[in-house]
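Here is a friendly walk through the contact between two protein chains. Please keep the viewer open as you read.

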Number of protein chains: 2
Amino acid sequence: MSKLFVVGIGAGNYDGLTVAAVKRLEASDLIVGYTVYCELMRPYFPQKEFLATPMMKEIERCRLALEQAAAGKEVSLICSGDAGIYGMASPVLELAPQYGVEITVLPGVTAACSGAALLGSPITSDFAVLSLSDLLIPMEEIEKRTEAAARGGLCAVIYNPASKKRADYLRRCCEIFLQYRPGDTVCGIARNIGREGESVQTLTLAELAEYKADMFTTVFIGNAFTRLIGGKMVTLRGYRT
Amino acid sequence: MSKLFVVGIGAGNYDGLTVAAVKRLEASDLIVGYTVYCELMRPYFPQKEFLATPMMKEIERCRLALEQAAAGKEVSLICSGDAGIYGMASPVLELAPQYGVEITVLPGVTAACSGAALLGSPITSDFAVLSLSDLLIPMEEIEKRTEAAARGGLCAVIYNPASKKRADYLRRCCEIFLQYRPGDTVCGIARNIGREGESVQTLTLAELAEYKADMFTTVFIGNAFTRLIGGKMVTLRGYRT
């Protein structure tokens with residue numbers, strides 16, 4: 001049976017790859033991915049054939065990878081961060097039976113982890129991961145999930161906090177959290193993780209509501225256990241023992 | 001200023017390490033960690049000095065690593081999975097100012113990602129990560145967080161689902177989810193991820209309530225978008241477009 005590997009590449013630098021991902025990409029004939037991620041990986045695997053497809057063409061990208069795998073090539077479909085979290089593993093697994101291709105998913109370091117490491121330790125304990133993109137999930141459902149995380153006292157990591165069409169979504173998200181936790185709750189921003197221009201910043205929840213995020217931003221919202229310690233965003237492990 | 005590196009080692013096999021973690025451990029004089037993780041890493045870094053401390057001695061372990069770093073050694077404190085998620089990054093960052101040591105956190109692949117990859121793609125979209133350990137967080141707070149995730153329609157990953165003293169906690173967690181989603185909701189179990197005896201299993205939420213988990217188990221609870229496709233647990237990316 002033909003095989004296709006769906007590989008999480010982490011933030012996009014070589015050091016952020018797992019050893020398993022390096023071995024798998026080195027063993028591949030063809031590496032398929034979104035243009036930006038192909039460009040990030042190409043210098044590290046110069047002998048490999050790359051097939052890049054633009055953003056928003058996810059299903060075409062999956063079909064392309066499945067077709068090439070079904071034709072007998074050793075193919076890796078690359079995803080930024082982890083292959084499963086807002087990644088291509090799900091649509092590939094859904095389409096694979098049509099192609100008779102067996103899927104292996106290789107996990108990677110998702111932005112919740114790589115961004116957290118830069119900020120300190122914002123998601124030490126229970127947390128929610130939310131995306132504010134309403135391309136596939138209606139905003140009403142996203143708000144329901146956000147409200148649940150806020151009400152439940154969870155820390156939160158926000159992926160896709162903004163785009164040109166969704167300029168005010170992060171503010172709406174923060175307004176929901178502000179109903180349940182104080183404006184001085186410690187929050188953090190990580191930008192361009194693992195890439196040129198990488199930066200982090202801590203700010204309050206009230207300030208975050210005014211922050212102009214872009215698509216290279218990952219947002220961290222603290223809870224009642226989150227502190228600023230030596231400039232780092234640190235969520236304590238729990239109550240004092 | 002002295003430096004200490006807090007390094008997430010992933011599931012515990014060499015292939016699960018990031019390239020950055022490999023380089024950092026190779027550059028260390030001393031590797032400090034919980035006994036089990038030291039034993040897992042020792043074969044890959046045979047020239048290194050290891051200092052192992054038993055489970056439950058987390059604060060002593062952090063102080064030991066900080067003391068050695070303050071004394072001028074190149075020290076890495078290793079954590080399973082990611083260094084920040086239920087890991088040592090938080091207590092180390094809290095204690096570091098007492099030692100005048102600068103902390104760098106290296107992220108790793110957490111069980112939510114590595115377990116998900118084995119099962120398919122259970123956490124494709126928004127999800128919560130919860131621990132059922134009540135050592136540091138009271139059970140009443142854990143139940144409040146669980147209720148929020150269940151009510152909000154989030155997929156969930158459950159760390160520490162059981163121990164000898166907490167034999168019925170997973171059942172209590174499932175009963176909360178069963179108030180909000182049907183008994184045939186697709187769920188999954190990953191055991192001994194990346195180690196000998198690695199296994200996965202899919203089951204319904206009703207079956208999960210009866211499942212006897214142990215401390216080597218990571219649990220995945222699906223939502224209304226989760227399906228069984230070719231034996232894999234797959235959460236769809238969202239509504240059909």
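Which residue is the bridge partner of F127(A) in β7(B)? The partner is V129(B).

## About the model

This is a predicted model, in which local features need pLDDT of at least 70, side-chain atom pairs count only at pLDDT 80 or more, and totals for chains, interfaces and linings use all residues. Residues are numbered from 1 along each chain as its sequence is written, chains are lettered from A and ligands numbered from 1 in the order in which they are written, and side-chain values use heavy atoms, with hydrogens and water left out.

## Strands across the contact

Strand β7 (residues 127-131) of chain A pairs with strand β7 (residues 127-131) of chain B, in the antiparallel sense and over 3 bridges. Pairing here requires that DSSP finds at least two bridges between the strands. Helices (H or I, at least four residues) and strands (E, at least two) are DSSP runs, numbered from the N terminus.

## Symmetry

Chain B is superposed on chain A by a rotation of 180 degrees with 0.0 Å of shift along its axis, at an RMSD of 0.0 Å. That is the relation of a two-fold axis. Both copies use the same surface, as 100% of the contact residues of chain B recur in chain A. The superposition is by least squares on the C-alpha atoms of residues with pLDDT of at least 70 in both copies.

## Extent of the interface

Each side is listed in turn: 67 residues from chain B and 67 residues from chain A take part in the contact, meaning heavy atoms within 4.5 Å. Together the chains bury about 5,500 Å², with 62% of it on carbon and sulfur atoms; this is the accessible area (1.4 Å probe) lost on being put together, summed over both. L136(B), R145(B) and R237(B) supply 14% of the area that chain B buries against chain A, more than any other three residues.

## Salt bridges

Between chain B and chain A there are 4 salt bridges, each a side-chain nitrogen of Lys or Arg within 4 Å of a carboxyl oxygen of Asp or Glu. R145(B) forms one with D126(A), the closest N and O atoms being 2.9 Å apart. Another joins K23(A) to D15(B), with the closest N and O atoms 2.6 Å apart. K23(A) lies in helix α1 (residues 19-26) of chain A, and D15(B) in the loop between β1 (2-8) and α1 (19-26) of chain B.

How values were computed
Buried area = accessible area lost by both parts, 1.4 Å probe.
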